[in-house]
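Work through the exercises below with the sequence and the coordinates at hand. Each task is followed by a solution in steps.

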Amino acid sequence: MKWEELFFGKCFISDLGDEQVIENNNKEQIVLGRYAAWVPISGCKNHQIVEISDDLAVLMEKYNIPQDRVCVLV
């Protein structure tokens, strides 16, 4: 089964791996969280990231996402 079918119309969380560091236009480094919460976009089959955090439990509770919809890097 494809992930698009598995999560169609549902929120899910993806593990982005080790912390990500990005640089903005002012050359400042910004550390991103490890987990991304994705929500479906109304009227289509795509999703968008709505929040990134290091606190998996908070994201799961906030977006009502069960453990079976948390995609963890292995």
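Two strands pair if DSSP finds at least two bridges between them. Helices (H or I, at least four residues) and strands (E, at least two) are DSSP runs, numbered from the N terminus. The model is predicted: local features need pLDDT of at least 70 and side-chain atom pairs count only at pLDDT 80 or more, while totals for chains, interfaces and linings use all residues. Residues are numbered from 1 along each chain as its sequence is written, and side-chain values use heavy atoms, with hydrogens and water left out.

**Exercise 1. Overall layout**

Solution. 
Step 1. The chain has 2 helices and 6 strands.
Step 2. Burial is judged by relative accessible area: buried means under 20%, exposed over 50%, and partly exposed in between, with a 1.4 Å probe and protein chains only.

**Exercise 2. The hairpin**

Task: determine the sense in which S2 and S3 pair, and examine the turn between them.

Solution. 
Step 1. S2 (residues 20-23) and S3 (residues 29-32) pair in the antiparallel sense, over 4 bridges.
Step 2. Ile22 has Ile30 as its bridge partner in S3.
Step 3. The two strands form a hairpin with 5 residues between them.
Step 4. Lys27, in the loop between S2 and S3, has a positive phi of about 65 degrees although it is not a glycine.
Step 5. Most residues other than glycine have a negative phi.
Step 6. Lys27 is exposed, at 62% relative accessible area.

Follow-up: where is Asn64, and is it buried or exposed? Asn64 is placed in the loop between H2 and S6. Its relative accessible area of 63% makes Asn64 exposed. Asn64 also has a positive phi, of about 55 degrees, although it is not a glycine.

**Exercise 3. Salt bridges**

Solution. 
Step 1. The criterion is a side-chain nitrogen of Lys or Arg within 4 Å of a carboxyl oxygen of Asp or Glu.
Step 2. Asp15 forms a salt bridge with Arg34, with the closest N and O atoms 2.8 Å apart. This pair links distant parts of the chain, 19 residues apart: Asp15 is in S1, and Arg34 is in the loop between S3 and S4 (35-40). Asp15 is buried at 6% relative accessible area, whereas Arg34 is partly exposed at 29%.
Step 3. Lys62 forms a salt bridge with Glu51, again listed by its closest N and O atoms, which are 2.8 Å apart. Here too the pair links distant parts of the chain, with Lys62 in H2 and Glu51 in S5, 11 residues apart. Lys62 is exposed at 54%, and Glu51 is partly exposed at 21%.
Step 4. Glu23 forms a salt bridge with Lys27, their closest N and O atoms being 3.8 Å apart. Glu23 is partly exposed, with a relative accessible area of 46%.

**Exercise 4. A charged patch**

Task: which residues gather in a patch of negative charge on the surface?

Solution. 
Step 1. Patches are made of residues with over 30% relative accessible area and no salt bridge; like charges are joined within 9 Å, and nonpolar side chains (Val, Leu, Ile, Met, Phe, Trp, Tyr) within 5 Å.
Step 2. Asp and Glu count as negative, Lys and Arg as positive, and His and the chain ends are not counted.
Step 3. The patch consists of Asp18, Glu19, Asp54 and Asp55.
Step 4. Asp54 lies in the loop between S5 (47-53) and H2 (56-62), and is exposed with a relative accessible area of 52%.

Definitions and conventions
Areas by Shrake-Rupley, 256 points an atom, 1.4 Å probe, with all protein chains shown as cover. Charge placed at Lys NZ, Arg CZ, Asp CG, Glu CD.
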